[in-house]
Amino acid sequence: MAEMLTLTDAAAKRVAAIAEKQAKPAILRLSVEGGGCSGFQYKFDLAVAAESDDMVSETDGVRLVVDPVSLDLVAGSKVDFVESLGGAAFRVENPNAAAGCGCGSSFGI
């Protein structure tokens, strides 16, 4: 069985704030698509609801949902929200990634 994903407190607070501004449920969908400079790239969206086959993780009332195909590539990951001089972004700490890009939005297995 795949390891759970975790959403940090900082990421949960940011998702809750964005969802409130957009009048949507506080559900962050993480998916993986082909592309990016390292082979795969992370995609983040607000979801209206979880699908029946999604893996769901919850932090402070905010849900992180991932489809089964993407879960194979991100199992055991931690999703964080970081702010720095370079900007603010969601970041995935993925133990399955063998390579990554400088911006942190794509990875290779």
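Visitor: How many bridges join strand S1 to S6?
Guide: This is a predicted model, where local features need pLDDT of at least 70, side-chain atom pairs count only at pLDDT 80 or more, and totals for chains, interfaces and linings use all residues. Residues are numbered from 1 along each chain as its sequence is written, and side-chain values use heavy atoms, with hydrogens and water left out. Strands (E, at least two residues) and helices (H or I, at least four) are DSSP runs, numbered from the N terminus, and two strands pair if DSSP finds at least two bridges between them. S1 (residues 6-7) runs parallel to S6, and the bridges joining them number two.

Visitor: Which residue in S7 stands opposite lysine 78?
Guide: Lysine 78 is in S6, opposite threonine 6. S6 also pairs with S7, in the antiparallel sense, over seven bridges. The two form a hairpin with two residues between them. In S7, the residue opposite lysine 78 is glutamate 93.

Visitor: Which residues touch the most other members of the largest nonpolar core?
Guide: A nonpolar core is a set of buried Ala, Val, Leu, Ile, Met, Phe, Trp, Tyr and Cys residues joined through side-chain atoms within 4.5 Å. Here the largest one has 20 residues. Elements giving two or more residues to this core include helix H1 (9-21), strand S2 (27-34) and strand S6 (78-84). The residues touching the most other members are Leu5, Leu7, Leu30 and Val79.

Visitor: Is valine 92 buried or exposed?
Guide: Valine 92 is found in strand S7. Buried means under 20% relative accessible area, exposed over 50%, and partly exposed in between (1.4 Å probe, protein chains only). Valine 92 has 12%, so the word is buried.

Visitor: What separates the C-alpha atoms of valine 92 and leucine 30?
Guide: Contact means heavy atoms within 4.5 Å. Beyond its neighbours within four places in sequence, valine 92 is in contact with residues including Leu30 and Val79. Valine 92 and leucine 30 are 62 residues apart along the chain, and their C-alpha atoms are separated by 9.6 Å.

Visitor: Where does alanine 23 lie?
Guide: Most residues other than glycine have a negative phi. Alanine 23 has a positive one, near 55°. Alanine 23 counts as exposed, because its relative accessibility is 71%. Its place is the loop between H1 and S2.

Visitor: What is the phi of aspartate 60 near?
Guide: Aspartate 60 lies in the loop between strand S4 (55-59) and S5. At 61% relative accessibility, aspartate 60 counts as exposed. Its phi is positive, in a residue other than glycine, and near 50°.
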